[in-house]
Amino acid sequence: MSPLFTPARPRGFLRAAAAAVALSSVLLITGCGSSDGTDGDGKATAAALAGFPVTVDNCGVRTTYDEPPSRVVTIHQHPAELMLALGLKDRMVGTAFPDSAVLPELKRDYEAIPELAEKEPSFEKILDAEPDFVYGGYGSAFAENEGRSRKAFADAGIDTYLNREYCGRKRATMKDTYGEIRTIGKVFGVPDRADELVTDLQTRVGKAAAKVEGEPEVPVFVYDSGDKSAFTAGGKSLGTELIRLAGGENVFADLDDVFGDVSWEQVVERKPEVIALYDYAGSGSVREKKKFLLSQPALADVPAVRNKRFVVLPLTATLVGIRSAYAVEDLARGLHPESFR
């Protein structure tokens, strides 16, 4: 047995074993003395939980939940915001790796949850929080070379879930956002809340799209980062769909990937009228990105640069999570400001 798991196993496993024994006892008692799925005091047993067991296939990992997870660590910001939007603050025992400012309506709840690390926390740090469920936003949440593989968590008796955007399908859509919310809602026994949240987000997107319906599509260049070349969103990114819904067209929609590098000559050739700046920690500030683009002589005649037309999007708003619906309205306002006057 690897020494990596030795310090954490006794605490986590003994607690899980004790809970299992207690639950088994309750089920045996209720099996003998009750037929309505409650114990002698009228409390619901795990077997009586509506909608359970729930089986989920996630990125090649099949998990059956007999009851909702009760101690959750989220790695990366968008899973945390999704959990909070579903009213699951009381299940969260740790967050990690904030990318940008949290949505104002979720800020207080987010700050009340312990932050385990500024980046991805170590395996041991996560186990210290004694979770029964770890929800990762990027594939790096479960980096095998850093000891955080999903198998390592499974061996420690902890269930895991990875945002579906990183399941290797190489394409993300708003349907993935809505599907992600509904799946997490099922796992945590709050499918009604999930349906309500999806309806709210769909309504938000619909209203923004209706505002710009019939308007000419605005050519948009996504600038994530880069100086020798530009790292941009390709045709398989969720960003491309968000731009389309907002009444625009990603000038690199023909790039057959989620992200990729393009030359500045290509940017000049495609004449974007608006530049969408992706904002996140570690990529340079929005101010620095604008300064760089505006200072490049080769870009001087690009319409977006000449007219200083920029739209800023937090990176979390372009990922499979609740922010993407907000991004459609922000983009639409930036692309078609006259439609919102």
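Predicted model: local features only at pLDDT ≥ 70, side-chain atom pairs only at ≥ 80, totals over all residues.

Is K107 buried, partly exposed or exposed, and what is its relative accessible area?

Modeller: K107 is partly exposed, because its relative accessible area is 42%, between the 20% and 50% cut-offs. Its partner is E111: the two form a salt bridge in which the closest N and O atoms are 2.7 Å apart. Both residues belong to helix α3 (residues 107-111), where they sit 4 residues apart, about one turn of the helix. E111 has 52% relative accessibility, so E111 counts as exposed, the limit for that being over 50%. As a general point, side chains of opposite charge can pair when their charged atoms come close.

The count for this model comes to 14 salt bridges, so let us visit a few others. R148 pairs with E146, with 2.8 Å between the closest N and O atoms. Here R148 is buried, at 2% relative accessibility, while E146 is partly exposed at 48%. Another salt bridge joins the side chains of R164 and E180, at 3.0 Å from N to O. R164 lies in the loop between β7 (159-162) and α6, and E180 lies in helix α6, so this pair ties together parts 16 residues apart in sequence. R164 is partly exposed, with a relative accessible area of 23%, whereas E180 is buried at 0%. There is also a network of salt bridges that links R204, E329 and R333.

Now for the surroundings. Helix α6 spans residues 174-187 and is among the elements that cover the buried residues of α8, as are α7 (191-211) and α12 (323-335). Helix α8 (residues 238-245) has 7 of its 8 residues buried, so the rest of the structure largely encloses it. Among those buried residues are L238, E241 and L245. Just after α8 comes G247, which takes a positive phi of about 90°.

The largest nonpolar core has 64 residues, and I181 and F188 touch the most other members. Helix α12 gives the most to this core, with 7 residues. Setting aside neighbours within four places in sequence, F188 is in contact with residues including F52, P68, M83 and F133. Apart from this core lies another, of 17 residues, including A230 and W264.

Finally, for the whole chain, buried residues make up 49% of the 341 residues.

Technical notes. Residues numbered from 1 in each chain as written. Heavy atoms only, no water. Buried < 20%, exposed > 50% of the residue type's maximum accessible area, 1.4 Å probe, protein only. Helix = DSSP H or I, 4+ residues; strand = E, 2+ residues; numbered from the N terminus. Contact = heavy atoms within 4.5 Å. Core = buried A, V, L, I, M, F, W, Y, C linked by side-chain atoms within 4.5 Å. Salt bridge = Lys/Arg side-chain N within 4 Å of Asp/Glu carboxyl O.
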